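Here are my notes on this model, written for someone who is new to reading structures. Keep the picture open while you go through the points.

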Amino acid sequence: MRTLTDLSESQTEQKKSQPEKNSGSSFSGSSFSGASAHHESAIKHVTGRAAYIDDLALPADALHLAVGLSPVAHGRITQMDLEAVRSAPGVVDVISVADVPGHTDIGPVFPGDPIMADGEVLYAGQVLFAVAANSHRAARQAVNKAIVEIEERPASLNPVAAVEAGDLVRPTHQQISGDWEKALDNAAIVITGEQFVGGQEHFYLEGQACVVHPSEDEGVVVHTSNQHPSETQKLVAEVLGIPLHAVTVETRRMGGGFGGKETQASPWACLAALIARRTGRSCRFRLSRVDDMRVTGKRHPFHNRYRLGVDAHGVILGGDINVIGDCGYSPDLSDAIVDRAMFHSDNAYSLGEVRVTGHRARTHTASNTAFRGFGGPQGMMVIEAAMEDIARRMGEDPLTVRKRNFYRDGRNTTHYGQTVDQTALLHELVEQLEISSDYWQRRKTIREFNAQSPVIRKGLALTPVKFGISFTAQHLNQAGALLHVYTDGSVMINHGGTEMGQGLHTKICQVVARELGLDLEKVRITATRTDKVPNTSPTAASSGTDLNGQAARDAALKLKTRLYDFAAEHYHLDREAMRMENGYLVTGLGESEHRIAWGELVQAAYLSRVSLSEKGFYATPLIHYDRANGNGRPFYYYAFGAAVAEVSVDTLSGEYQVDRVDILHDVGDSLNPAIDIGQVEGGFVQGMGWLTSEELKWNDRGQLISNGPATYKIPTYGDLPPTFNVSLMEGHPNSMASIYRSKAVGEPPFMLGISVWAALRDALASLSGYTQAVRLDTPATPERVMAAAEAARINLRHAADGGQSNGH
């Protein structure tokens, strides 16, 4: 019998002998958009000079904030005595909800998020009060002196039961395409299934943190690790009862966000702003890892059910899909998140005549929130599970069934009425990956291996991704930018997007450099600030570059047009033949070519009193969605991708390893191949972690017990597949007029991790000779895999005795 250790050693040797396949691993000489330029803060990152919130210098009299949290998931506060807290050493101020001068509800879209508990406690970890002291230690020690009594009440922790009881944070929504009941009645085969898809902790390296300085009059300046500075500006102003122009919010960079700082960075800024205004002193607030995990929401866990009718060839005719999102105690962004799960319950497949229903269950846990993919991954899991089920029922390879059900000519309209463009790209991408990964030969080899291996079983799966790009809330699809050119020719760009390590600022600088014909070193970016570009959208929905890149380009084009007009008049040049290249304004060709250095042009324009500053704006066209009818075009375009994963599973212990991964991903015409490949690699590994090792656990009282790295396991370097081949699809620019025909790359690669889960199911299916699909909830921990392997063996024995299979 071959062990996992034996396999690992052989794969390591295989990788050493394998030629380098990762494209985009070296940097091009050009720094324009489309080239592999280094991240604009790369040197600062590796040398430690990049400043994060906890690195910011504070005045000598600055205060530090800590919060008292509820140990109870649901109850009524009967006593909260804070006198001992106030008299503790170093304490300067203590506040509860009664001390808030303005709004006490800071729900980002819908009400339901109190800044601090107001009589009723709604989850274990809810903020009860806040303490400001002269040191962080003094504040944390003082918190423990509070006398709090809570009359505990039954906590709702089961989202399925909550839906059955009608306990929802938002109304149920449906999307219906055709006569789904008739499709089921007429189907040759009906596939049914259920699955639990676990949540995920964001586990950003930099936790929730902010620094707030009181400013003149009634205002504050907020430095925050934050994906949505404008929303934080609004909420801080409302909590303080002051106008928005009195609040300035700044974000230079985040040490990771992943959606966890889209709405849930605001409460801490609001609390710190309250203290700063009450005391007249600067205030720093940072959550410890344990408190951060207890207090903030996660990726929504989902309970999915599906009933699909297929024809004799395994082609889906229609059916009924139900998704239940565990939203926690309040709406937060759950309405849109469950919507996106519904939008993506088809993934890359035509569902035919189908009803998709999305429920938003209320439970007494932290309010779940945005996380990379924003519900899309949980929705895709429905149909990917069904594809495996259909394949086992049909006795065919899952890839064959998947390809047969892809969107295609004649069936290229989604269940919400949007036409899927570039379906040929999807087919070509998968075919290329089949060949480059040697899928079919490896399938043959793996089947032969499994036939001879009683314990270690290998699995192989190729899964696609089709992900819609745009905010599903139409008004968020807008962006602004501010461009300055200084008299020495250096350029400063500012925009509404935020940098969380994904390379957004780098790409924006490349866009400006490209439009003005300058080296990248000439262009610098400044911190995102609400007093430079107002009313910005969150950096989310994979739209950061799409929106802000177009806004920056708009500003650069306007400024370039003004400089062309000036140069034509000032230098008596042909206006129509002008272009910017390599640091020069150029007109004419050959002997008639005339070149003016960028610095000279800028100086001349300044002396002639020509404005060297410009603002830009962009709003995504075409998108709309009629919620009443569940129909429209919510996405500007789709990004595609596919991954092949190979795993080895010890079917007695449930332990497994990922042996090899091959990825081909569609980013249109890449703005920066090196950064894009990094996003694909990182997204895949994070998606793999969500589906395998990252398990959130609560006790019976609703208290999170997986609240740190000792009990919550994100993937590490050792979890990387020994063979990891990542390539970008070439020769397929975006069919829509995105920034230089590129495509978003933030969220779509995350769903590539589904291939690992599918490969695990494939390995388990080998226990029945590939005749039965075994249910495998996520995260697919070794315990779950072991239980699924045992269930497969029981089902096989039961089938051999003349009984029924597992219900799939």
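1. Start with domain 2 and domain 3: their C-alpha centres lie 40 Å apart. At the contact between them (heavy atoms within 4.5 Å), domain 2 supplies 20 residues and domain 3 supplies 21 residues. The chain is split into domain 1 (61-154 + 202-295), domain 2 (302-472 + 627-797) and domain 3 (478-619). Those bounds come from an automatic or database domain assignment.

2. A word on the source. This is a predicted model, where local features need pLDDT of at least 70 and side-chain atom pairs count only at pLDDT 80 or more, while totals for chains, interfaces and linings use all residues. Residues are numbered from 1 along each chain as its sequence is written, and side-chain values use heavy atoms, with hydrogens and water left out.

3. Now for the empty space inside. Rolling a probe the size of a water molecule over the atoms shows where such space is left. On a 1 Å grid over the protein atoms alone, a cavity is a set of points where a 1.4 Å probe fits but cannot get out; a pocket is an open set with protein on both sides within 12 Å along at least five of seven lines; and lining residues have an atom within 4 Å of a point. Grid points are joined across faces, edges and corners, and a volume is the space filled by probe spheres set on the points. By this rule there are five cavities of 30 Å³ or more.

4. The largest cavity holds about 270 Å³ of space. It is lined by 21 residues, and Asp113, Pro114, Tyr123, Pro267 and Tyr329 are the closest to its centre. Sorted by class, the lining has 13 nonpolar, six polar and two charged residues. (Ala, Val, Leu, Ile, Met, Phe, Trp, Tyr, Cys and Pro count as nonpolar, Asp, Glu, Lys and Arg as charged, and the others, Gly among them, as polar.) Domain 1 and domain 2 each give at least three residues to this lining.

5. Where does the second largest cavity lie? Domain 2 and domain 3 both give residues to its lining, so the second largest cavity lies between them. Its space comes to about 90 Å³. Of its 13 lining residues, Ser470, Asp546, Leu547, Thr620 and Tyr636 lie nearest the centre. Helix 16 (residues 544-570) gives the most to this lining, with three residues. (Helices, H or I with at least four residues, and strands, E with at least two, are DSSP runs numbered from the N terminus.) By class, the count is six nonpolar, six polar and one charged.

6. Look at the second largest pocket too, with about 860 Å³ of space. It has 39 lining residues, and the closest to its centre are Val109, Leu333, Ala473, His475 and Leu476. Helix 7 (229-240), helix 10 (334-343) and strand 25 (624-626) are the elements that give two or more residues to this lining. The classes here are 18 nonpolar, 13 polar and eight charged.

7. On to the strands, where two count as paired if DSSP finds at least two bridges between them. Strand 10 (residues 220-224) and strand 11 (residues 247-251) run parallel, joined by four bridges, and valine 220 stands opposite valine 247.

8. Nine bridges join it to strand 8 (residues 189-197), and the two run antiparallel. Nine bridges also join strand 13 to strand 14 (residues 316-326), again antiparallel. Strand 13 and strand 14 form a hairpin with five residues between them, and glycine 314 in the turn has a positive phi of about 85 degrees.

9. Most residues other than glycine have a negative phi, and most peptide bonds are trans. Asparagine 347 is not a glycine, yet has a positive phi of about 45 degrees; find it in the loop between helix 10 and strand 15 (353-361). The peptide bond from threonine 778 to proline 779 is cis, with omega near 5 degrees. Proline 779 is in the loop between helix 19 (754-765) and helix 20 (782-800).
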